[in-house]
Amino acid sequence: MLAPDRQAIATEAGEGEQQRAAPRFQLMLRPARLICREAEYLGLIRDISANGAKIQFFHPVPEACKMAMELREDMVVEMERRWATESSAGYEFASPIDVERVLQPDPSHPRRKPRLCLPRPMILTVDGHDVPARLHNISQQGACIECDYGLARYQLIRIHIDGIGQRHAKVLWHKQGRYGLVLEETFELREFACLLAALSVES
């Protein structure tokens with residue numbers, strides 16, 4: 001378990017100079033995609049300022065000290081861990097961000113569930129036949145896959161991904177050998193985050 005150091009205590013108590021200089025905004029536990037060299041994780045932003053953020057996890061805090069966080073589809077920020085408890089951590093951004101831009105909706109990039117890159121082989125069951133495919137990314141509600149087998153729009157299929165399990169899905173779009181799926185049985189946030197963390201340990 002990662003134990004908080006003196007800086008952690010100062011950060012959580014709001015005693016650091018950065019904390020006084022940069023107001024923090026509570027984001028009501030907004031999900032966020034967290035990216036490091038080894039894996040990707042799903043966490044919850046507890047609060048955020050121009051200089052950093054507090055992230056809550058559903059599993060032990062990832063070992064990687066340096067990560068990137070996708071605040072919105074068009075904004076990814078580099079950051080470094082400054083303190084940690086068993087399931088939450090405070091990160092300092094590499095450079096200050098515009099918090100108002102993060103909080104305001106952007107019509108050109110509608111907010112959606114974080115979609116994590118997870119390239120790996122998978123199996124589709126289509127019309128009673130098992131077909132090899134490859135997963136590109138996945139969210140709580142959908143996935144992007146690549147498959148040589150011709151799938152029709154709105155076709156119902158079953159997907160099987162090692163470490164994630166089986167889900168029924170519907171084909172929404174097709175472009176250059178890739179298919180967009182919507183899951184018939186969506187993932188609960190905690191379940192999804194823990195599955196991703198377990199896969200990072202296996203890899």
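**Charged pairs, cores and surface**

Biologist: What relative accessible area does Asp 74 have?

Modeller: Asp 74 counts as partly exposed, the class between buried (under 20% relative accessible area) and exposed (over 50%; 1.4 Å probe, protein chains only). The model is predicted, so local features need pLDDT of at least 70 and side-chain atom pairs pLDDT 80 or more, while totals for chains, interfaces and linings use all residues. Residues are numbered from 1 along each chain as its sequence is written, and side-chain values use heavy atoms, without hydrogens and water. The relative accessible area of Asp 74 is 30%.

Biologist: Which residue meets the side chain of Asp 74 in a salt bridge?

Modeller: A salt bridge here is a side-chain nitrogen of Lys or Arg within 4 Å of a carboxyl oxygen of Asp or Glu. The distance in this pair is 3.1 Å, N to O. Asp 74 lies in the loop between β4 and β5 (75–84) and its partner in helix α3 (residues 99–103), so parts 27 residues apart in sequence are tied together; helices (H or I, at least four residues) and strands (E, at least two) are DSSP runs, numbered from the N terminus. The partner is Arg 101.

Biologist: Which residues join Arg 33 in one network of salt bridges?

Modeller: Arg 33 in strand β1 (residues 25–35) pairs at 3.3 Å (N to O) with a residue in strand β4 (residues 66–72), 37 residues away. Both members of that pair are buried. Shared partners complete the network, which joins Arg 33 with Glu 40 and Glu 70.

Biologist: How many residues does the largest nonpolar core contain?

Modeller: A nonpolar core is a set of buried Ala, Val, Leu, Ile, Met, Phe, Trp, Tyr and Cys residues joined through side-chain atoms within 4.5 Å. Among the residues touching the most other members are Met 122, Ile 157 and Leu 181. Elements giving two or more residues to this core include β7 (116–126), β8 (129–138) and α4 (189–202). The largest core has 31 residues.

Biologist: How many disulfides are there?

Modeller: A disulfide requires a pair of cysteine sulfur atoms within 2.5 Å. Cys 36 is buried at 11% relative accessibility, and Cys 147 is buried with a relative accessible area of 6%. By the distance rule, the count of disulfides is 0.
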